[in-house]
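This report describes how two protein chains meet in a model. The sequence and structure are shown first, and the account of the interface follows.

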Amino acid sequence: MSKETASPSLLTAVKELPGNVWKSLFRNPLPTNDLERSSTSFTNFFLHIHPVKVHKNTLRPLYTLGLGLVSFFLFVILVVTGILLMFYYVPSTAQAYDRMLDLRGSVAFGTILRNMHRWSAHGMVAVVVMHLCRVFLTGSYKKPREFNWVLGVVLLLLTLLMSFTGYLLPWDQLAFWAITVGTAIAGYAPVVGKDIQFLLMGGSTVGQEALLRFYVLHVAVLPATLTLAIAIHFWRIRKDGGLSRPADADPTPPMEMMGAQAGSKPSLPEGKKTYGLQGLVRGPLTKVNNIPDNTVFSWPNLFMSELFVFVMTLAVILVLALLFNAPLEEPVNVMHPPNPAKAPWYFLGLQEMVSYSAFWGGIGVPGIFVGLLLLAPYLDRSPKGVGVWFSRDRLLANTIFLTFLAANIIFVIIGTFFRGPNWAFVTPW
Amino acid sequence: MAVNLKRSSGGGTQVAVSRRRMLAWITGTGLVGSGVLSAVSNFVFIKPRATYGQPQRFSIGKPEDFPPGTRIALETRRICVVREGNRLAALSTTCTHLGCIVGLADTGFACPCHGSRFDADGTVTGGPAPRPLPWFKVTLAPNGEIEVDKDTEITPGSYLTL
Ligand code: HEM
Ligand code: FES
């Protein structure tokens with residue numbers, strides 16, 4: 001640097017202030033060429049969890065159906081609306097229900113916030129389950145994605161726990177009796193059941209202690225755990241080489257690009273380049289030469305589709321929140337369970353099974369289900385059929401999965417529509 | 001940034017290595033130790049020592065309040081008082097299935113939650129309930145009041161004779 005360069009005058013500094021602030025905030029202007037596109041994805045905190053380039057298969061809407069993304073965005077909506085609700089909610093048996101009435105009656109936007117929170121919670125359970133189905137039916141849990149699948153099962157359980165703990169907070173009849181029954185199910189677990197039940201309720205019945213405990217789990221412990229688990233889930237997607245895709249999704253590199261002499265086995269190009277640290281951790285497939293591939297730049301292709309999915313998710317939740325009010329039953333009456341006392345719909349399959357046997361319906365069968373889910377990628381080791389829906393090679397696995405799924409759905413439907421007072425069989429028509 | 005792929009020796013003299021090893025041991029023991037300690041103490045912490053609730057022994061009034069032939073559910077106490085002639089008993093109304101409150105029915109008791117049914121003696125006649133409704137110990141206190149002790153279960157069918 002030459003000493004002659006005069007420092008710019010204060011006046012120019014002031015004139016250029018907005019531009020300079022902007023440039024210090026965003027390192028790159030809107031990209032116009034590939035180098036800038038890479039740089040934008042790479043140097044922005046919120047974008048850098050994405051790869052610079054993404055495989056075309058990943059962007060096919062009909063492949064992922066965007067379900068994992070929708071789950072994530074619903075979680076974001078839940079966190080934002082949940083924090084706002086916390087400003088008015090009091091976890092006390094004397095006040096909780098009145099606070100619900102206040103939200104409805106006197107808090108500005110209280111009703112719509114509560115509706116958004118409630119419908120996103122229901123939606124998240126449904127969408128996470130559909131995402132699980134997508135991952136299974138496309139064989140995406142196979143090597144090297146086994147652990148991310150296991151993590152996914154943990155995410156599903158955390159999502160269910162979130163909604164279970166949140167269910168008590170309005171302290172209305174539905175809440176009280178659903179949690180009375182739910183915690184009693186935990187009591188049937190062998191050996192530790194009674195202790196778990198006692199720890200959850202902080203006493204021997206559902207009361208103030210239980211409400212406080214559920215509140216702490218719902219607003220602090222579980223969301224923090226879920227956030228961490230989602231972060232690892234996303235990290236693993238990158239480290240597992242992006243989303244799964246069919247084996248033939250990548251063109252085989254033409255011979256001359258591989259520097260292969262006639263007769264020798266084709267091998268990946270070994271440029272004269274020294275491998276950088278980034279290249280090493282990404283495995284042996286670091287691109288040195290220009291191997292033709294099926295990728296496109298994340299900016300704007302991936303980012304636009306993600307933004308689109310977010311806007312759609314938000315729009316649907318807003319419309320639902322404007323059209324339908326979250327239910328609020330009578331205040332808790334510890335002497336009279338409503339008849340029938342029903343859990344939220346996604347637990348009604350459980351409730352139906354529990355009405356045959358508390359242990360098998362509440363602990364045994366669900367335990368076996370979760371165990372099978374966790375073990376699926378370690379039991380099914382065949383590498384075939386990855387990356388396509390309903391692959392012929394996966395006929396057996398998919399059939400077993402769909403049978404279990406159908407059984408679950410049938411139980412939910414029976415519990416929802418075919419059970420009346422005293423849990424007697426009724427026909428809804 | 002080139003990387004040396006050969007495993008590096010770690011460098012340093014013998015003294016540095018043994019010092020590092022000792023540090024690693026102290027740190028490791030400390031970490032594992034505090035992990036175990038905090039897990040245990042957290043568990044002890046969240047397990048309440050005192051619970052707030054209703055007393056398990058209480059009086060329910062004089063025998064005259066329950067004329068022969070009555071079956072009265074005392075909802076706050078979660079019991080049902082039965083009197084036949086000069087015999088009196090108290091049955092639990094907490095369903096042995098999953099803790100809902102059973103209601104009085106013509107045939108005995110019915111649970112609204114998963115449809116368990118009990119006869120007038122509390123014996124299970126249908127539904128998922130695994131056990132009959134417990135009978136609690138009933139005594140006549142010196143002041144003439146009936147006292148129920150929910151901590152003591154007695155064999156079904158044993159009445160207090162007044
Ligand atoms: C809180 C809940 C969850 C969130 C927010 C979430 C988010 C995501 C996202 C954004 C993706 C990228 C692809 C896509 O959108 O489909 C993904 C992929 C994946 N998810 Fe989830 N997920 C959740 C739960 C689950 C569950 C319950 C499972 C299965 C048990 C699972 C297993 C996987 C696997 C194996 C992949 C990689 C799929 C592939 O490579 O094609 N996730 N997840
Ligand atoms: S709680 Fe009474 S039948 Fe389940």
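Buried area is the accessible area (1.4 Å probe) that two parts lose on being put together, summed over both.

## Extent of the interface

Chain A and chain B bury about 2,400 Å² between them, and carbon and sulfur atoms carry 67% of that area. Of the area that chain A buries against chain B, 23% is supplied by Leu199(A), Met335(A) and Asn422(A), more than by any other three residues. With contact taken as heavy atoms within 4.5 Å, 34 residues of chain A and 28 residues of chain B take part.

## Basis of the model

The model is predicted: local features need pLDDT of at least 70 and side-chain atom pairs pLDDT 80 or more, whereas totals for chains, interfaces and linings use all residues. Residues are numbered from 1 along each chain as its sequence is written, chains are lettered from A in the order in which they are written, and side-chain values use heavy atoms, leaving out hydrogens and water.

## Salt bridge

One salt bridge (a side-chain nitrogen of Lys or Arg within 4 Å of a carboxyl oxygen of Asp or Glu) is found across the interface of chain A and chain B. Asp195(A) forms a salt bridge with Lys47(B), and their closest N and O atoms are 3.5 Å apart.

## Domains of chain B

An automatic or database domain assignment gives the domain bounds. Chain B is divided into domain 1 (2–46) and domain 2 (58–161), and the C-alpha centres of these two domains lie 61 Å apart.
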